[in-house]
Amino acid sequence: MIKIGIIVGSTRPGRKAPDVARWVLDIAGMRADAVFELVDIQDFDLPLLDEPVPPSFGMYAHPHTKAWAAAIAGFDGYVFVTPEYNHGTSGALKNAIDFLYREWNNKAAGFVGYGSAGGARAIESLRLVMGELMVADVRAQVMLSLRTDFDDFTTFNPAAHHEQAVDAMLDQVVAWSRALKTLRPDAPVTAADAPQAGQRMGSQ
């Protein structure tokens with residue numbers, strides 16, 4: 001079965017990313033075409049990148065990096081939940097991404113952004129990063145506005161139409177994750193990865 005990590009991309013006190021990520025997980029939980037799991041970068045307590053050898057060599061020196069690598073390596077694809085800070089993604093998420101390399105390769109990613117402009121510019125900054133990591137970023141994305149999807153800019157209360165956008169994004173992430181799995185010799189495709197009759201396929 002395809003496994004997708006929903007990555008909580010903020011560590012700031014008072015962050016909204018966990019609420020958004022749990023909402024995505026609730027929608028994903030109604031599907032039968034993949035397994036979904038929350039991954040909170042805050043749980044790994046990563047410092048600013050402190051590995052002496054470039055991540056592309058896979059020679060990780062520190063326990064925090066090895067734990068992070070083990071968590072990320074087990075997924076076939078990702079959904080990045082990102083705030084927008086100064087026209088970009090969060091520094092904490094970019095730092096977490098930069099710790100690793102091969103663990104990301106030949107996988108798929110979708111994005112859920114939030115901010116004053118729906119997190120669109122944070123998502124665009126992540127798309128550039130994904131290309132260098134050999135991650136296929138899907139076209140469908142979810143953009144949440146601090147003005148209309150958060151009560152008083154604080155309490156997450158998304159408009160109902162966003163659920164369809166989440167499903168459309170997940171359709172693409174699951175499909176591309178399944179296809180890209182064939183490129184990874186350490187992740188053989190099995191019958192369980194094929195969609196079965198009667199599975200909920202989001203917006204399809």
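**Aromatic rings in this model**

Lys 3 lies over the face of Phe 75, 5.1 Å from the ring centre; a charge sits over a ring if NZ of Lys or CZ of Arg is within 6 Å of the ring centre and within 35 degrees of the ring normal. This is a predicted model, where local features need pLDDT of at least 70, side-chain atom pairs count only at pLDDT 80 or more, and totals for chains, interfaces and linings use all residues. Residues are numbered from 1 along each chain as its sequence is written, and side-chain values use heavy atoms, leaving out hydrogens and water.

- The structure holds 10 aromatic pairs (rings of Phe, Tyr and Trp, the last by its six-membered ring, with centres within 6.5 Å; planes under 30 degrees apart are stacked, over 60 edge-to-face, the rest tilted).
- One of them joins Phe 75 and Tyr 78 edge-to-face, at 6.0 Å centre to centre and 65° between the planes.
- Phe 75 counts as buried because its relative accessibility is 2% (buried is under 20% relative accessible area, exposed over 50%, partly exposed in between, with a 1.4 Å probe and protein chains only).
- Tyr 78 is buried too, at 0%.
- Ring pairs tie Phe 75 and Tyr 78 into a cluster with Phe 44, Trp 68, Phe 80, Trp 104 and Phe 111.

**Tyr 114 and Phe 150**
- This pair is tilted because the planes sit at 45°, with ring centres 5.9 Å apart.
- Tyr 114 belongs to strand S4 (residues 107-115) and Phe 150 to strand S6 (residues 150-151), so the pair links distant parts of the chain, 36 residues apart; strands are DSSP runs of E, at least two residues, numbered from the N terminus.
- Both partners are buried: Tyr 114 at 5% relative accessibility, Phe 150 at 3%.

Terms used
Helices (H or I, at least four residues) and strands (E, at least two) are DSSP runs, numbered from the N terminus.
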